[in-house]
Amino acid sequence: RPYEHFEQAVEAYAQIGDAIGQAHAHLAIMWVDEQEGRLRGGLDHARHALALYRAGDWTLGQANALNGMGWGYALIGQPAAALLYGRKSVQLHQQLGNGLGESFAWDSVAYAHHCPGGYGQAAACYQRAIGLHRRLGHRHFEADTLNHLGDTHRAAGERSSARAVWQASLDIVTDLGLDERADQVRTKLGELDRD
């Protein structure tokens with residue numbers, strides 16, 4: 001199982017004193033934990049990764065771990081902490097000129113804003129991420145973020161805006177041949193028609 005391999009990697013890197021390698025493995029475990037529903041465990045691994053990246057003085061790793069922490073806090077329903085870490089990640093990625101990392105951090109910040117009273121801020125952050133994806137030519141990620149933006153518009157009661165961005169997402173994933181993603185977006189559009 002991937003989880004066990006990553007745990008073994010953490011131990012192996014620790015034995016040779018490689019803080020950066022350990023941090024990479026902790027971040028990988030964080031994403032596995034998220035996929036398997038161990039959200040607090042994933043957050044702990046992001047926290048370990050951040051400490052190790054700081055010990056190894058690797059700024060890009062710190063920016064990625066900060067985003068992992070922001071995302072983790074958002075998933076467990078702690079938006080204030082999610083915004084704190086997510087914004088720090090955005091700032092570090094901006095300082096590094098890392099547009100892809102910045103776009104992912106904006107997506108996390110947007111997700112943390114996605115609640116009544118925060119939909120406008122969420123939409124603005126998603127738009128920042130979409131702009132970066134377009135500039136970098138990352139159509140797959142652009143489609144994902146358009147999908148998230150549609151969720152925000154729908155939650156805010158902005159049906160026509162939701163339809164427009166979901167259609168844009170559908171156009172991209174259809175063009176890329178991502179059939180499963182296309183089906184998911186078509187389902188959302190269908191639900192919008194039935195509301």
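User: Is the crossing of H6 and H7 left-handed or right-handed?
Analyst: This is a predicted model in which local features need pLDDT of at least 70 and side-chain atom pairs count only at pLDDT 80 or more, while totals for chains, interfaces and linings use all residues. Residues are numbered from 1 along each chain as its sequence is written, and side-chain values use heavy atoms, with hydrogens and water left out. A crossing is left-handed if the near helix is turned anticlockwise from the far one by less than a right angle, and right-handed if clockwise. By that rule, the crossing of H6 and H7 is left-handed.

User: At what angle do helix H6 and helix H7 pack?
Analyst: Helices (H or I, at least four residues) and strands (E, at least two) are DSSP runs, numbered from the N terminus. Axes are lines fitted to C-alpha atoms, for helices over the stretch in contact, and angles run from 0 to 180 degrees between N-to-C directions. H6 covers residues 99-113 and H7 covers residues 119-136, with the two axes 8 Å apart. The packing angle is about 160°.

User: How is H6 oriented relative to H7?
Analyst: Angles under 35 degrees count as roughly parallel, over 145 as roughly antiparallel, 65 to 115 as roughly perpendicular and the rest as oblique. H6 and H7 pack at about 160°. Therefore H6 runs relative to H7 roughly antiparallel.

User: How many residues of the contact of H6 with H7 are nonpolar?
Analyst: Contact means heavy atoms within 4.5 Å; on the H6 side the residues include Leu100, Phe104, Trp106 and Val109, and on the H7 side Cys125, Tyr126, Leu132 and Leu136. Ala, Val, Leu, Ile, Met, Phe, Trp, Tyr, Cys and Pro count as nonpolar, Asp, Glu, Lys and Arg as charged, and the others, Gly among them, as polar. Beside 5 polar and 4 charged residues, the nonpolar count is 13.

User: How is H4 oriented relative to H5?
Analyst: H4 (residues 59-75) and H5 (residues 79-96) have axes that come within 7 Å and cross at roughly 155°. The crossing of this pair is left-handed. Given that angle, H4 lies relative to H5 roughly antiparallel.

User: How many charged residues are in the contact of H4 with H5?
Analyst: H4 contributes, among others, Leu60, Leu66, Met69 and Tyr73, and H5 contributes residues including Tyr85, Lys88, Leu92 and Leu96. The contact holds 11 nonpolar and 8 polar residues, and the charged count is 1.

User: Which residues are linked with Arg38 in a network of salt bridges?
Analyst: A salt bridge is a side-chain nitrogen of Lys or Arg within 4 Å of a carboxyl oxygen of Asp or Glu, and the structure holds 10 of them. Arg38 and Asp33 meet in one at 2.7 Å, N to O. Buried means under 20% relative accessible area, exposed over 50% and partly exposed in between (1.4 Å probe, protein chains only); Asp33 is buried at 1%, whereas Arg38 is partly exposed at 32%. The residues networked with Arg38 are Asp33 and Glu36.

User: How many residues apart are Lys188 and Asp151?
Analyst: Their side chains form a salt bridge at 2.8 Å, N to O. Lys188 is buried at 19%, and Asp151 is partly exposed at 29%. The pair links distant parts of the chain, Lys188 in H10 (residues 179-194) and Asp151 in H8 (residues 139-155), with a separation in residues of 37.

User: Which helix holds Asp193, the partner of Arg163?
Analyst: The side chains of Arg163 and Asp193 meet in a salt bridge at 2.9 Å, N to O. Arg163 is partly exposed at 32%, while Asp193 is exposed at 52%. Arg163 sits in H9 (residues 159-175), and Asp193, 30 residues away, sits in H10.

User: Is Thr152 buried or exposed?
Analyst: Thr152 is found in H8. Not counting residues up to four places away in sequence, Thr152 touches His114, Tyr119, Ala122, Ala123 and Tyr126. With a relative accessible area of 1%, Thr152 is buried.

User: What is the phi of Asp57?
Analyst: Asp57 lies in the loop between H3 (39-55) and H4, and is exposed at 61%. Most residues other than glycine have a negative phi. Asp57 has a positive phi, near 55°.
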